[in-house]
Amino acid sequence: MKFHKTVRHGMIATATETRAGDIGIIDGRIAAVADRLPAGSEDIDASGLLVLPGGIDSHCHVEQISSNGLMTADDFYSATVSAAYGGTTTIIPFAAQHRGMSLLKVVADYHACAAPKAVIDYAFHLIVSDPDEQALEHDLPNLIAQGYTSFKVYMTYDMLKLDDYQILDVLELARRLGALVMVHAENNDMIKWIAKRLLANGHTAPRFHAVSHDPLAESEATSRVIQLSRLLDTPVLIVHVSGIGAVAAIRAAQVLGAPVYGETCPQYLFLAASDMDKPGLDGAMFCCSPPPRDAQSQQAVWEGLANGTFQVYSSDHAPYRFDESGKLPKGEQTTFKDMANGVPGLELRLPLLFSEGVGKDRLSLNQFVALTATNHARIYGLEHRKGTIAVGQDADIALWDPERKTTITAAAIHDNVGYTPYEGRTITGWPVTVLSRGRTVVHEGKLLVERGSGMFIARRSPGPFRIERKVSDRFKLFSSLIGRPSP
Ligand code: URP
Ligand code: ZN
Ligand code: ZN
């Protein structure tokens with residue numbers, strides 16, 4: 001057979017094996033993987049390169065308005081270009097419902113933003129902030145059936161948070177219809193209580209953001225939502241885990257056999273609370289929620305990546321410029337409570353982990369692939385197309401030069417943020433060529449595709465619902481009493 005494109009002489013790695021070999025591509029899909037293949041119509045020489053599945057970033061915020069009304073700096077063009085330059089070929093941002101909005105309209109609006117701009121493929125999670133009867137009985141069941149099979153709920157932020165009763169409603173629906181609930185787990189009242197007292201005492205600087213988001217607020221909410229999920233025997237995924245206490249709570253639940261999954265992000269490995277302690281308002285560039293912590297928590301997060309506590313490593317790219325539009329809405333008078341929360345990370349997510357994880361023997365290359373691509377596809381229902389290098393999969397491939405040294409500068413990054421929290425670091429390893437459905441998106445620093453050439457991908461039921469799970473006796477009794485069948 002004649003291949004449209006071949007990638008030959010590289011070292012191919014998946015989540016389970018590393019082998020020398022060639023890849024043949026026809027119509028954007030992988031048609032063959034073998035020791036040797038004849039050159040296709042276009043042939044890419046991958047000698048000396050690692051050939052990895054393109055990354056999947058399952059947590060990023062694009063063209064999203066924050067709970068305090070601030071629009072992200074990136075649209076679907078700049079975000080997807082930036083992702084592609086960093087070796088990511090699929091993103092799953094959020095279609096975010098604010099209270100009072102129809103979920104169906106929210107999803108339609110995000111599609112209208114993404115379709116003309118995205119250069120790589122995308123799906124959407126939902127953010128559910130208003131689980132009323134319309135949402136629970138009509139809109140969510142409809143949307144799940146159409147491939148929006150995961151949604152995020154918040155335990156903090158006054159304008160987004162759900163109470164425990166509402167979270168139980170959402171978990172019950174997710175269990176019944178096979179959707180995955182992602183949780184932002186921080187105790188809202190603890191944070192508010194501390195913040196009010198800090199501000200009253202004149203402690204307004206960015207570093208007080210970390211003080212108000214005490215690690216106990218994270219570990220309390222994490223433990224609480226784990227109990228809610230166990231009550232209903234329903235899988236839950238705790239997003240952007242930062243502190244040692246939350247890591248321990250997730251691990252403990254997993255040891256008990258509870259279907260609890262975890263996500264962490266670059267900022268919890270490579271940044272610390274001390275980064276927020278900069279002159280003036282500069283520390284705002286490092287403020288996100290939960291905030292970066294200390295060396296002990298960084299170590300716990302590294303261990304959680306290596307020992308399987310975390311299944312996914314995402315960016316939580318929440319891009320805001322260091323000006324009135326994002327980080328400094330009140331100029332010099334901005335307090336830690338006014339600024340938009342979030343740090344950029346779409347482009348550097350993979351290079352940072354490759355350099356400091358694989359390059360420093362904290363993670364194997366196969367773990368890197370699992371944490372950055374394969375597990376995202378499995379957990380979020382994309383594995384019919386994405387996440388590995390195998391016949392039948394979309395040809396989403398990143399060719400990495402494992403030796404290339406890069407000194408990070410904001411000027412070289414393709415997002416629209418204008419700064420990077422990782423400025424000046426030198427890392428080793430970079431994705432030099434990136435393919436999406438066989439199209440060469442980036443090659444040696446050049447973008448080669450048109451805006452709008454990315455595609456929406458409808459997702460299937462998330463992986464945790466396709467794994468045979470033991471249903472507890474408590475849940476069997478419980479469901480017989482409340483009339484819901486146990487699966
Ligand atoms: O600070 C962050 N992470 N902002 C983005 C919104 C969120 O909660 O993920
Ligand atoms: Zn969050
Ligand atoms: Zn987020």
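## A buried arginine and its partner

Arg437 is buried, with a relative accessible area of 17%. That value counts as buried because the cut-off is under 20%. This is a predicted model. In it, the side chain of Arg437 meets that of Asp121 in a salt bridge, 2.7 Å from N to O. Asp121 belongs to strand β8 (residues 121-122), while Arg437 sits in the loop between β16 (426-436) and β17 (439-443), so the bridge ties together parts that are 316 residues apart in sequence. Asp121 is buried too, with a relative accessible area of 0%.

## Other salt bridges

How many salt bridges are there? The count comes to 26. Side chains of opposite charge can pair when their charged atoms come close. Asp394 and Lys386 form one such bridge, with their closest N and O atoms 2.8 Å apart. Asp394 is buried at 2% relative accessible area. Lys386 is buried at 2% as well.

These residues belong to a wider set. Arg29, Asp121, Arg385, Lys386, Asp394, Asp396 and Arg437 are linked in a network of salt bridges.

Another pair sits within a helix. Arg176 and Glu172 meet in a salt bridge of 3.2 Å, N to O. Both lie in helix α4 (residues 164-177), four residues apart, about one turn of the helix. Arg176 is partly exposed, at 41% relative accessibility. Glu172 is buried, at 18%.

## A zinc site

For four tetrahedral donors, the ideal angle is 109.5 degrees. The zinc ion (ligand 2) is 3.9 Å from the zinc ion (ligand 3).

## Nonpolar cores

The largest nonpolar core has 126 residues. Those with the most contacts inside it are Leu126, Phe151, Val183, Ile238, Leu305 and Phe368. A second, separate core has 15 residues, including Ile44, Ile389, Ile397 and Leu435.

Phe151 shows what such contacts look like. Leaving aside residues up to four places away in sequence, Phe151 touches Leu126, Val128, Leu140, Ile144, Val170, Leu173, Ala174, Ala179, Leu180, Val181 and Met182.

## Backbone details

Pro290 is placed in the loop between α9 (267-270) and α10 (295-307).

Two residues have positive phi without being glycine. Asp233 has a phi of about 50 degrees. Asp233 lies in the loop between α7 (215-231) and β12 (236-238). Its relative accessible area is 9%, which means it is buried. Glu444 has a phi of about 45 degrees. Glu444 is in the loop between β17 and β18 (446-447). At 43% relative accessibility, Glu444 is partly exposed.

Notes
Residues numbered from 1 in each chain as written. Chains lettered and ligands numbered in written order. Predicted model: local features only at pLDDT ≥ 70, side-chain atom pairs only at ≥ 80, totals over all residues. Heavy atoms only, no water. Salt bridge = Lys/Arg side-chain N within 4 Å of Asp/Glu carboxyl O. Buried < 20%, exposed > 50% of the residue type's maximum accessible area, 1.4 Å probe, protein only. Donors = N, O, S within 2.8 Å, 3.2 Å for Na, K, Ca; no water. Core = buried A, V, L, I, M, F, W, Y, C linked by side-chain atoms within 4.5 Å. Contact = heavy atoms within 4.5 Å.
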